[in-house]
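Open the model in your viewer and keep the selection tool ready. We will go from stop to stop.

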Amino acid sequence: KGTIFKVYLPRAVHSVPAEQEPLEPITHPGRAWETVLLVEDEPGVRRLSRRILENAGYRVLVAANGDEAERLFTETMKSGGSVELLVTDIIMPRCGGPELFLRLQAKLPTLCVLYMSGYTNQSSAQQAEIDAGLPFVQKPFTALEFEQRVRESLRRR
């Protein structure tokens with residue numbers, strides 16, 4: 001009526017170091033001032049991400065998809081505003097993060113990007129065909145981790 005699998009692994013004597021680079025500590029000489037365009041199709045993640053960014057002092061423009069993000073970006077630039085960072089989910093309906101970034105970067109070459117995904121690092125990056133060296137944050141993330149990744153992405157300018 002079923003199959004039972006038993007997997008026996010040896011007990012680790014020493015802890016294994018994490019593969020991910022350690023995060024740099026946040027040092028705030030003052031509050032953040034940059035404008036971040038946040039694009040996330042999941043409402044709960046969008047609300048949480050916005051709150052984290054606003055609490056850190058960023059001005060946040062929020063979009064639920066690529067088309068809305070491109071419209072917000074264009075309106076902001078036409079009104080004399082600026083956008084320093086695009087924080088976008090990698091995989092979204094109609095227009096994924098990498099495609100959106102290329103479209104916006106064509107209008108503003110200095111635009112930085114931070115990709116985020118709930119899929120594993122490798123599978124989402126491969127599926128979206130993005131460079132493994134680009135800034136990335138894995139969902140779910142902590143507020144501290146997200147804020148640090150945002151700051152690191154902005155330092156790449």
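The tour visits the nonpolar cores and then the salt bridges.

This is a predicted model, so local features need pLDDT of at least 70 and side-chain atom pairs count only at pLDDT 80 or more, while totals for chains, interfaces and linings use all residues. Residues are numbered from 1 along each chain as its sequence is written, and side-chain values use heavy atoms, with hydrogens and water left out.

**Stop 1: the largest nonpolar core**

Select Leu37, Val39, Phe73, Leu86, Leu100, Leu104 and Leu111. Within the largest nonpolar core, of 20 residues, these touch the most other members. A nonpolar core is a set of buried Ala, Val, Leu, Ile, Met, Phe, Trp, Tyr and Cys residues joined through side-chain atoms within 4.5 Å. Buried means under 20% relative accessible area, exposed over 50%, and partly exposed in between (1.4 Å probe, protein chains only).

Now color the elements that supply at least two core residues each: strand 1 (35-39), strand 2 (59-63), helix 2 (66-78), helix 3 (97-107) and strand 4 (112-117). Helices (H or I, at least four residues) and strands (E, at least two) are DSSP runs, numbered from the N terminus.

Zoom to Phe73. Which residues does Phe73 touch, not counting those up to four places away in sequence? They are Leu37, Val83, Leu104, Lys107, Leu108 and Leu111. Contact here means heavy atoms within 4.5 Å.

Another core, of 19 residues, lies apart from the largest one. Select Leu85, Leu114, Phe141 and Phe146, which are among its members.

**Stop 2: a bridge across the sequence**

The whole structure holds 11 salt bridges. Each is a side-chain nitrogen of Lys or Arg within 4 Å of a carboxyl oxygen of Asp or Glu.

Select Asp67 and Arg94. Their closest N and O atoms are 3.7 Å apart. Asp67 sits in helix 2 and Arg94 in the loop between strand 3 (85-89) and helix 3, so the pair ties together parts 27 residues apart in sequence. Is each end buried or exposed? Asp67 is partly exposed, at 42%. Arg94 is exposed, at 67%.

**Stop 3: bridges within a helix**

Stay on helix 2 and pick Glu75 and Arg71, four residues apart, about one turn. Their salt bridge spans 3.1 Å between the closest N and O atoms. Glu75 is partly exposed at 43%, and Arg71 is partly exposed at 43%.

Move to helix 3. Arg103 and Glu99 lie four residues apart there, and their side chains meet in a salt bridge (3.1 Å, N to O).

**Last stop: the network**

Select Asp67, Glu70, Arg94, Glu99, Arg103 and Lys107 together. Salt bridges link them in a network.
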